[in-house]
Amino acid sequence: FAVLATLKEAKDPSAGPAVLAVLKGAGLKEFPSRNANALRGRAAEALGEVGDLTAIEALRPYASTGSYVNSVTFCSVNSIVSIAGRVGDKARRPAAEALLECFPKTDAISEREAAMRTRLAEAVHKGLGTVLGDGPDLPAEWTESSRAALLKAWQARLGKGR
C-alpha cells in the first residue's frame with residue numbers, strides 16, 4: 001500500500017505499467033494480499049496519477065461493475081476521469097465510452113443502498129461532465145427511463161466530434 005501511495009504521489013508515468021500489473025494481479029500469485037480488493041483500489045487510485053490510455057481499458061471492468069458498495073468502483077471511475085484530464089484529447093473518447101458503462105442499474109433496493117447508488121451516479125455524471133464538458137442534468141429520480149434518457153443524451157454529446 002505504501003509503495004502505491006508513493007508512486008501515486010510521485011506522479012511518474014513510467015510507473016504506470018508496474019501499477020497496472022498490481023491492479024490486474026491483486027490477490028493472485030504475483031501480488032498476494034489479505035485484502036485484494038483494497039490493494040486493487042490503491043492501484044486504481046495510483047493509476048489516476050500515472051496511468052495512460054492502457055489504464056483506462058484496464059480500469060473499465062472495475063468502474064463498470066455498478067457496485068456502489070465497492071470503493072474500487074469509485075476509485076476506478078475517478079481515475080478514468082483523472083487520466084483523461086492528464087492525457088488530453090486522445091483519452092477523451094475512450095474515457096467517456098468507459099464512463100457511459102458505469103451508471104448503476106435501477107433495481108429496487110433499500111434506502112441506504114439507494115443513497116450509495118446515487119453517489120455513484122453523481123460521480124459518473126460529474127466525470128462525464130469533466131471529460132466532455134457540460135451535458136444533461138442528472139435526473140432527480142433514478143428510474144430505468146430516466147437512466148436511459150441520460151445515457152442517450154450523453155451518447156449524443158459524445159457523438160459531437162469528441
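Select the protein chain and read along its sequence: the pattern is α-α-α-α-α-α-α-α. It contains eight helices and zero strands, where helices (H or I, at least four residues) and strands (E, at least two) are DSSP runs numbered from the N terminus. This is a predicted model, in which local features need pLDDT of at least 70, side-chain atom pairs count only at pLDDT 80 or more, and totals for chains, interfaces and linings use all residues. Residues are numbered from 1 along each chain as its sequence is written, and side-chain values use heavy atoms, with hydrogens and water left out.

Keep the whole chain in view. Along its principal axes, the C-alpha trace spans about 45 × 40 × 20 Å. Of the 162 residues, 42% count as buried (under 20% relative accessible area, 1.4 Å probe, protein chains only).

Next, select residues 16-25, helix H2, together with residues 36-50, helix H3. The two pack at an angle of about 155 degrees, with their axes 8 Å apart; axes are lines fitted to C-alpha atoms over the stretch in contact, and angles run from 0 to 180 degrees between N-to-C directions. H2 is therefore roughly antiparallel to H3, a term for angles over 145 degrees.

Now display the side chains between these helices. On H2, select Gly16, Val19, Leu20, Val22 and Leu23; they meet Leu39, Arg40, Ala43, Ala44, Ala46, Leu47 and Val50 of H3, contact meaning heavy atoms within 4.5 Å. By class, this contact has ten nonpolar, one polar and one charged residues; Ala, Val, Leu, Ile, Met, Phe, Trp, Tyr, Cys and Pro count as nonpolar, Asp, Glu, Lys and Arg as charged, and the others, Gly among them, as polar.

Methods
Angles under 35 degrees count as roughly parallel, over 145 as roughly antiparallel, 65 to 115 as roughly perpendicular and the rest as oblique. Buried means under 20% relative accessible area, exposed over 50%, partly exposed in between (1.4 Å probe, protein chains only).
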